[in-house]
Amino acid sequence: MAHNCLIDPNLRCIFVRYWGRVDAKELGEVRREIEADPVFGPGMNRLWDERDCTIDVSHDELVRLAEVWSQNAANHGSRKLAYLVEDDLSWGFNRVFEAYRDNPEVSYKLFRDYDEAKVWL
């Protein structure tokens with residue numbers, strides 16, 4: 001797996017960093033890993049750091065991922081989600097994902113600067 005997931009219960013924030021090639025299977029695994037962690041709770045904000053990865057997901061896989069995350073939305077509560085990206089392709093991927101997911105419980109924003117993302121959260 002090319003990711004690291006850290007849940008900080010004091011900050012009520014989940015930090016996920018990806019590197020290398022990331023596929024749909026791994027993106028699904030992250031959701032399951034978060035939900036299985038005993039310190040996870042609804043309403044935790046998230047910072048997804050995708051600066052060092054290449055997301056390799058087809059359109060159909062993207063739609064399916066959005067559906068699965070939407071089906072599990074009640075487990076996650078209202079939250080902020082900061083995507084930290086390095087290039088326009090990653091920026092667009094996350095915009096499309098959020099459009100398909102269309103979850104009013106999530107306030108999301110894309111960033112290229114880590115400190116700006118942390119401040120927003």
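**Notebook: strands, helices and cores**

I began with the strands and found that β1 and strand β2 (residues 13-23) pair in the antiparallel sense over 6 bridges, where pairing requires that DSSP finds at least two bridges between two strands. I noted that this is a predicted model, in which local features need pLDDT of at least 70 and side-chain atom pairs count only at pLDDT 80 or more, while totals for chains, interfaces and linings use all residues. Residues are numbered from 1 along each chain as its sequence is written, and side-chain values use heavy atoms, with hydrogens and water left out. Helices (H or I, at least four residues) and strands (E, at least two) are DSSP runs, numbered from the N terminus.

**The hairpin**

I saw that β1 and β2 form a hairpin with 4 residues between them, and that Arg12 in the turn has a positive phi of about 55°. Buried means under 20% relative accessible area, exposed over 50%, and partly exposed in between (1.4 Å probe, protein chains only). In a regular strand the side chains alternate between the two faces of the sheet. I also looked across from His3, which stands opposite Tyr18 in β2.

**The cores**

I then looked up the largest nonpolar core, which has 27 residues, and Tyr18 and Trp48 are among those with the most contacts inside it. Such a core is a set of buried Ala, Val, Leu, Ile, Met, Phe, Trp, Tyr and Cys residues joined through side-chain atoms within 4.5 Å. Apart from it lies another core, of 8 residues, among them Cys13, Phe15, Leu84 and Ala117. Leaving aside neighbours within four places in sequence, I listed the contacts of Tyr18, including Ala2, His3, Leu27, Val30 and Trp48, where contact means heavy atoms within 4.5 Å.

**Two helices**

Helix α1 (residues 24-36) and helix α2 (residues 59-71) pack at an angle of about 10°, with their axes 10 Å apart. Angles under 35 degrees count as roughly parallel, so I recorded α1 and α2 as roughly parallel to each other. I noted that Ala24, Leu27, Gly28 and Arg31 in α1 meet Glu61, Leu65, Val68 and Trp69 in α2.

**Trp91**

Last, I turned to Trp91, which is found in helix α3 and counts as partly exposed at 30% relative accessibility. Not counting residues up to four places away in sequence, Trp91 touches Val85, Leu110, Phe111 and Arg112.

Methods. Axes fitted to C-alpha atoms, helices over the stretch in contact; angles between N-to-C directions. Parallel < 35°, antiparallel > 145°, perpendicular 65-115°, else oblique.
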